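Work through the exercises below with the sequence and the model open. Each task is followed by a solution in steps.

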Amino acid sequence: MAEAARDDLPQPAAAPHSLATGGPRRAAGRLAVTLGSLVLLVGLWQVAALIVASPLLPGPMAVLHAFLRASETGTLPRNVAITLGRVAASFAIAMAIGAAIGILLGRSPALDRVFGPWLIVLLNLPALVIIILCYVWFGLTEAAAVTAVSINKIPNVAVTLREGAAALSRDLDEMARVFRFGRGRTLRHVVLPQLAPFFAAAARSGLALTWKIVLVVELLGRSNGVGFELQTAFQLFDVATVLAYALAFTVVVQIIEIGIIQPWERHAGRWRR
Amino acid sequence: MTAVDVLIRAKRFPGPAGGERVLYRDFALAVAPFSFVVLLAPSGLGKTTLLNMIAGLDRDYDGRIGFGTAGPPRIAYAFQSPRLLPWRTVEENVALPLGEDAAARAAARAMLEEVGLADQAQAYPERLSLGQQRRVALARAFALAPDLLLMDEPFVSLDEAGAARLRDLLRRLLARRPATVLFVTHDTREAVELGSRIVRLDGPPARIRRDLAVDLDLAARRGAAGEALRGDLLAP
């Protein structure tokens with residue numbers, strides 16, 4: 001997936017603005033192009049499956065059947081829900097802790113000089129290593145799984161929010177001090193709105209990263225969830241089921257992106273000209 | 001009854017080449033209550049720094065600044081740029097210094113009515129013209145009913161007609177809510193039209209070059225007497 005490469009780079013400036021551009025007609029045009037592109041992809045997939053003619057590369061219809069089969073028994077919705085729960089928990093923890101660390105380091109150059117290198121180390125530690133260490137130290141438990149995913153995500157959030165906190169407007173800070181806003185009002189009306197684009201960037205790249213790591217965590221040490229089901233299908237060489245789960249979860253994540261993150265971003269950016 | 005007593009023994013500023021520039025040395029200025037003191041000086045002399053020290057934003061100086069009152073005075077500040085919160089509506093921007101309750105919002109709406117922006121109350125600041133944004137900044141300052149109003153070239157980069165309208169507005173607002181005003185500018189016309197006392201600085205380090213009390217009515221300020229005063233102010 002393309003997101004994997006983007007995960008390391010905070011890119012708050014580009015992301016939020018692109019949403020506001022274009023009217024409904026242009027949006028409809030873009031949607032048509034996207035749909036056409038997806039249809040083309042499915043078509044190529046069908047052709048490749050016909051040429052290879054092997055159960056190791058099932059066509060779209062075979063995957064759809066696998067999807068319906070798994071849905072009827074309830075295993076697919078149940079496992080997707082379990083995985084989503086883990087994604088939500090580790091995402092929330094990582095956003096909260098990562099944002100706190102990032103804002104602290106962004107506000108204090110001294111702290112950043114001391115602890116900034118730790119972030120670099122954590123950022124470059126392979127996800128798999130963190131997962132193994134968490135399972136070894138805390139056992140094959142739910143808490144260890146969620147902790148492992150959170151720790152993987154925290155440095156990304158921290159780095160993005162550090163960028164935002166370092167760029168906070170001094171002018172507005174002085175204004176808030178002269179007019180005696182106090183801590184609470186300054187945080188809510190002056191600081192957090194400036195950080196909103198950085199939260200959005202961290203959330204977007206965070207969601208993509210989190211759910212991929214959750215699958216690995218489930219594969220290695222959980223007995224349910226999409227990751228566990230993928231492992232089972234892998235052992236049976238049931239490629240159709242693997243693809244059915246992968247596609248189902250991709251769709252769910254896209255729905256979260258379009259249904260939650262983008263509307264929130266539009267709401268937070270409603271003041272822009 | 002808020003006066004301002006400034007005595008700055010030394011205020012240094014980091015210079016461009018790593019050195020230090022002395023902005024103020026043994027600088028004294030006494031501002032009487034309810035006077036309108038215009039500080040007239042070219043840019044780069046440290047006028048903004050002086051206002052920031054008085055506002056308590058800059059405490060890195062050797063000296064003292066008193067207000068002749070028991071408690072700290074209510075200070076409002078009209079900055080060189082409006083410094084509105086772009087993500088809050090015009091009404092919220094005016095209300096926030098007062099609080100977040102309904103009373104603050106009502107006061108903000110009344111204040112916006114006074115500066116002629118009632119119909120823009122729910123707009124976001126960036127949709128307003130610069131002149132309108134400056135009006136909002138004035139409304140925010142006066143909504144506090146300040147004892148001391150600091151103004152740092154608050155009408156800069158407006159055309160002359162726009163600046164004149166804002167000067168009229170400022171006079172009207174001050175008539176209703178008298179306050180001690182320290183007004184920084186490099187524009188002699190603005191100084192002559194507004195000040196009850198004009199202090200021309202030069203330097204650095206800044207020192208008082210001229211200190212004139214102005215006791216003229218508005219027509220005289222705008223007429224020949226004002227022109228003469230401008231000439232007098234610019235004389236070396």
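**Exercise 1. Confidence in chain A**

Task: find which residues of chain A have a pLDDT under 50, and how many contacts the model has for them beyond four places in sequence.

Solution. Step 1: pLDDT is the predictor's confidence in each residue, from 0 to 100. It stays under 50 over residues 1-21 of chain A. Step 2: two residues are in contact if their C-beta atoms, placed from the backbone, lie within 7 Å. For residues 1-21 of chain A the model has 30 such contacts beyond four places in sequence. Step 3: over chain A the average pLDDT is 84, and 91% of the residues score at least 70.

This is a predicted model, in which local features need pLDDT of at least 70 and side-chain atom pairs count only at pLDDT 80 or more, while totals for chains, interfaces and linings use all residues. Residues are numbered from 1 along each chain as its sequence is written, and chains are lettered from A and ligands numbered from 1 in the order in which they are written.

**Exercise 2. Where chain A touches chain B**

Task: state how many residues each chain brings to the contact, and which element of chain A gives the largest share.

Solution. Step 1: chain A brings 15 residues and chain B brings 17 residues. Step 2: on the side of chain A, the elements giving two or more residues are α9 (170-178) and α10 (182-221); helices (H or I, at least four residues) and strands (E, at least two) are DSSP runs, numbered from the N terminus. Step 3: α9(A) gives the largest share, six residues. Step 4: by class, this side of chain A has eight nonpolar, one polar and six charged residues. Ala, Val, Leu, Ile, Met, Phe, Trp, Tyr, Cys and Pro count as nonpolar, Asp, Glu, Lys and Arg as charged, and the others, Gly among them, as polar.
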